[in-house]
Amino acid sequence: MRIVVALGGNALLRRGEPLTAENQRENVRIATGQLAKIVEGNELVIAHGNGPQVGLLALQGAAYTDVSPYPLDVLGAQTEGSIGYMIEQELGNLLPYEVPFATLLTQVEVDAADPAFQHPTKPIGPVYSREQAEQLKAEKGWTIAADGDKFRRVVASPQPKRIFEIRPIKWLLEKGTIVICAGGGGIPTCYDHHGRLKGIEAVIDKDLCSSLLAQELDADLLVIATDVDAAYIEWGKPDQKAIAQAHPEALEALGFAAGSMGPKVQAACEFARKTGKTAVIGSLSDIEAITQGRAGTRVTMEAEGILYR
C-alpha cells in the first residue's frame with residue numbers, strides 16, 4: 001500500500017516548548033517510533049509541518065540587522081533539509097540497515113494571481129510593537145496584523161497547483177525508498193513574466209499540499225496526523241462527538257474553522273473526492289490502527305453521510 005503521511009507541527013515541536021534542537025529531535029524520535037510500525041509491506045512518503053522552525057529562522061534573521069532577512073522560500077528550503085535530516089536519521093535507527101531514505105527539497109507552484117495574495121492570513125516571524133510594525137510596513141511593504149497586544153507580519157497562503165519534483169519522488173518509491181518531501185507545504189514558487197521560476201513570499205498549507213502530493217502519487221491512503229484522535233463536532237464542549245466516518249460533502253457541510261481543523265478536512269475531502277480512495281484524520285499514536293481501518297476520522301466516497309463513534 002502506498003501511504004502519504006502528513007505530520008502535524010506537534011510531531012516536531014510540542015506547544016509551549018522552547019525551540020531547541022534537542023526538543024525537536026526528541027519529538028522526531030517519538031514520531032518516527034510510530035512511523036516505523038507501518039513501514040513493512042508499504043511504500044511510505046512523509047510530509048511535515050515547519051511553522052515553528054521557519055519562525056525561529058525569521059527571529060534569528062531579524063536579530064542580524066546588517067543584511068536584509070532571507071526570503072521565506074529560502075527559509076522553507078532550509079527547514080526542509082534540517083527536518084528531513086532528523087527524520088531520516090531517527091527512522092533509520094529503527095529500521096533494517098538496507099532501507100534507503102531520501103529527503104527532497106520540494107518546489108511547489110502557486111499562482112501569483114491567487115486571491116490569497118490580496119488577503120494575507122499566515123503569521124510569520126517575531127512579534128512587534130505597533131511603532132515597529134508600522135515602520136516595517138512602510139520600509140518593506142509587509143502586511144501587518146494584530147496578535148494579542150502585539151503585531152506580526154502575515155503572508156498569503158495560496159493554493160498549491162503543481163509539485164515539480166513529483167517524478168523523482170515516484171522513481172524513488174519504485175526503488176523502495178522512504179521519501180521525505182513537501183515539508184511545510186513545499187517551497188512556494190511561481191513563474192515571472194519572463195517565464196522563469198522564482199520563489200515567492202508565501203506559506204502553502206501543509207495539509208493541502210500533502211493532499212495534492214497523494215493525488216499525484218496515486219497513493220492508496222492519505223493520513224493527516226495531528227494531536228487529536230479524530231475530527232470532532234462541538235469540540236471542547238460536554239457534548240463533543242468524534243466522527244468515525246464521513247462522506248466529503250457531509251463533512252464539509254459541518255463548517256470546520258479555518259484556523260484549526262478546516263484545512264485538514266478540506267485536504268482529506270479533496271483527496272477522497274478526486275481519487276475515490278480514503279483519507280484519515282487522526283493521531284500519530286494510532287497510526288497502525290489507522291492503516292488497518294480501526295481509528296481516526298475516515299473520509300471516503302463510500303460513506304453515507306456521517307457516522308459518529
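Two aromatic pairs are counted in this predicted model, where rings of Phe, Tyr and Trp (its six-membered ring) pair if their centres lie within 6.5 Å, and planes under 30 degrees apart count as stacked, over 60 as edge-to-face and the rest as tilted. The rings of F164 and Y191 are edge-to-face, because their centres are 6.2 Å apart and their planes stand at 75°. Residues are numbered from 1 along each chain as its sequence is written, and side-chain values use heavy atoms, with hydrogens and water left out. As the model is predicted, local features need pLDDT of at least 70 and side-chain atom pairs count only at pLDDT 80 or more, while totals for chains, interfaces and linings use all residues.

**Aromatic rings**

- Helices (H or I, at least four residues) and strands (E, at least two) are DSSP runs, numbered from the N terminus.
- F164 counts as partly exposed because its relative accessibility is 22%, and Y191, at a relative accessible area of 37%, is partly exposed. Here buried means under 20% relative accessible area, exposed over 50%, and partly exposed in between (1.4 Å probe, protein chains only).
- Y232 and W235 form a tilted pair, because their ring centres are 5.0 Å apart and their planes are at 55°.
- Is Y232 buried or exposed? Y232 is buried, with a relative accessible area of 16%, whereas W235 counts as exposed at 54% relative accessibility.

**A charge over a ring**

- The charged end of K241 sits over the ring of Y308, at 4.2 Å from the ring centre. This term applies if NZ of Lys or CZ of Arg is within 6 Å of the ring centre and within 35 degrees of the ring normal.

**Strand 1 and its partners**

- Strand 1 (residues 2-7) is mostly covered, with six of its six residues buried.
- R2, V4 and A6 point one way from strand 1, I3, V5 and L7 point the other way, and all are buried.
- Strand 1 pairs with strand 2 (residues 43-48) in the parallel sense, over six bridges. Two strands pair if DSSP finds at least two bridges between them.
- Strand 1 also runs parallel to strand 12, and five bridges join them.
- Which residue is the bridge partner of V5 in strand 12? The partner is V223.

- Strand 12 (residues 221-226) is mostly covered, and six of its six residues are buried.
- L221, V223 and A225 point one way from strand 12, while L222, I224 and T226 point the other way; all are buried.
- Strand 12 and strand 15 (residues 278-283) run parallel and are joined by six bridges.
- L222 has A279 as its bridge partner in strand 15.

**P100**

- P100 lies in the loop between helix 3 (72-92) and strand 3 (101-103).
- With a relative accessible area of 32%, P100 is partly exposed.
- Leaving aside its neighbours within four places in sequence, P100 is in contact (heavy atoms within 4.5 Å) with K175, G176, T177 and I178.
- P100 and P115 are 15 residues apart along the chain, and their C-alpha atoms are separated by 40 Å.
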